[in-house]
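Hi everyone, thanks for coming. Let me put the structure on the screen, and then we can walk through some helix packing, a sheet and a ligand shell together.

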Amino acid sequence: MALTGKEISQMHAQYIAQSWSKSGGAARPIKSGKGIYLYDYDGNEIADMSSLLVCANLGHSLPEIVDAIKAQADQLCFAAPCYATEAKSTLAKKIVDIAGADHFQRVLFTNAGADANENAIKIARNFTGRTKIFNRYRSYHGATLGASNASGDWRRFAAELGGANGFVKFIDPYTYHDGWDKADEEKATKYYLHLLEEQLHYEGTDNVAAIMMESITGANGVLVPPKGYMEGVRALCDKYGILMICDEVMAGFARTGEMFCWQNFDIVPDIITFAKGVTCGYVPLGGVVMSKEISKYFEDHVLQCGLTYSGHTLACAAGNAAVDYYLDHNICDHVKEVGAYLAEWEDKMVEKHACVGEARHIGLFSAFELVKDKETREPLDFYGCPNALKAQAIAKLENEYNVHTYGRENTLSICPPLIITKEQLDEILPKFDEVLTWIDEQLATVEKDPNYTTAMAIVK
Ligand SMILES: Cc1ncc(COP(=O)(O)O)c(C=O)c1O
């Protein structure tokens, strides 16, 4: 007899070690999905406004991807990495073409995002003969040992206990938090780049293999960089012979209105890592795209990387179907149009709500910056307060409104599947509005720090 939702949830609590949480807590049992919606065992329709972990870019149960997986399963589920398969070869070519075949050549497929970054680090060190990898504090690159150490947010702490060498953190261009005005964006860029260059010197520019960044920081609050920042980092890389690695695991595959997020800027990285949206999570897959120069290097040198499931046949079949869908249905154009509509609404929320300090958005990649006080910009929840107000707001959305999303610290993300329509947004966004009103009401009871100031407020 089929299990009930309650039984599934109870077994989850008993047998599943829950990621990034204490084990034994309740988990909502999910039965199925269609388009932007998930369905639980009580028949509730849940609007997925975060594309799960910002991976279900084309929504749930898209027939084109499901059918491709079924067809591949009937033919062959898996061939070892030493074999050439149609699914793997064609997907690699498509990804190189999307990135730009004039600059990129080869793909190393991985199982997901963390091991894509892990391998990108090894490749960068091998290619340059240098050790240090520069990463930013507000970043997440995955949960394996190297990727964790590369990550900046608190999820790296457990991995740092045993350690992995050579990771240097630098400060993000988190302009709102630091107190910059929008009008001074270019000045902010110069400031952050100046600090970065200074730090490169302190670490020894000849020791630095790569600067590895999310093209736009995702989980830590959709930090769209100030104008000229990415171009400035590229210039520093060129100046000191450092590789630029763009982590596109979350921001890639049309999320920002470009197939790769770095394509929003006037740069070309040396290495790209990807996962999530390449298959929309239907089957796990990730990868590392290498420039022609790096690809050529590994024609004469052994690539000391390998995974049993590199280029997994079922996953590549899913990837081919997903990539075809993005391109054939002009998903990037749709994202730009619907994203502009979402952005307009989010900007209205900044005017309307005392708790919304800023809305950051590009394509369908967006987050609210939640504050206690707009004047001082004091964050609603300080770094590392997991059970604070924002978390309660997210639980409220899920449990009372059947809207699923996520957020870290003082940010609340809205990153729906890229196929969402304006009509669907019209139905769902008022629920966010109501929850923001609820946060506004709680602000009266929240203790503010009378001495809180941003870094720029101190300077001024
Ligand atoms: C930017 C970024 N890089 C890497 C990862 C790790 O990917 P995975 O969980 O597939 O290993 C994530 C996951 O959220 C991510 O957001």
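α9 passes α10 in a right-handed crossing, meaning that the near helix is turned clockwise from the far one by less than a right angle. Before I go on, this is a predicted model, where local features need pLDDT of at least 70, side-chain atom pairs count only at pLDDT 80 or more, and totals for chains, interfaces and linings use all residues. Residues are numbered from 1 along each chain as its sequence is written.

So where are these helices? α9 covers residues 185-203 and α10 covers residues 229-240; helices are DSSP runs of H or I with at least four residues, strands are runs of E with at least two, and both are numbered from the N terminus. Their axes come within 10 Å and cross at roughly 25 degrees. The axes are lines fitted to C-alpha atoms over the stretch in contact, and angles run from 0 to 180 degrees between N-to-C directions. α9 and α10 are therefore roughly parallel to each other, a term for angles under 35 degrees.

Which residues make the contact? From α9 we have T189, Y192, L193, L196, E197 and L200, and from α10 Y229, G232, L236 and Y240. Contact here means C-beta atoms, placed from the backbone, within 7 Å. By class, that contact has seven nonpolar, two polar and one charged residues. Nonpolar covers Ala, Val, Leu, Ile, Met, Phe, Trp, Tyr, Cys and Pro, charged covers Asp, Glu, Lys and Arg, and the others, Gly among them, are polar.

On the α13 side are V338, Y341, L342, W345 and M349, meeting K422, L425, L429, D433 and L436 of α15. That contact divides into eight nonpolar, no polar and two charged residues.

On to the sheet: it is open, with four strands in the order β1-β2-β3-β14 and mixed pairing. Pairing requires at least two DSSP bridges between two strands. β1 (30-34) and β14 (403-404) are the edge strands. β1 pairs with β2 (residues 37-40) in the antiparallel sense over four bridges, and I30 has D40 as its bridge partner in β2.

Last, the ligand. Of the 15 residues around the ligand, A112, G113, A114, G142 and V249 come nearest, with near meaning a C-beta atom, placed from the backbone, within 6 Å. Helix α5 (residues 113-128) gives the most to this shell, with three residues.

Technical notes. Angles under 35 degrees count as roughly parallel, over 145 as roughly antiparallel, 65 to 115 as roughly perpendicular and the rest as oblique. Two residues are in contact if their C-beta atoms, placed from the backbone, lie within 7 Å.
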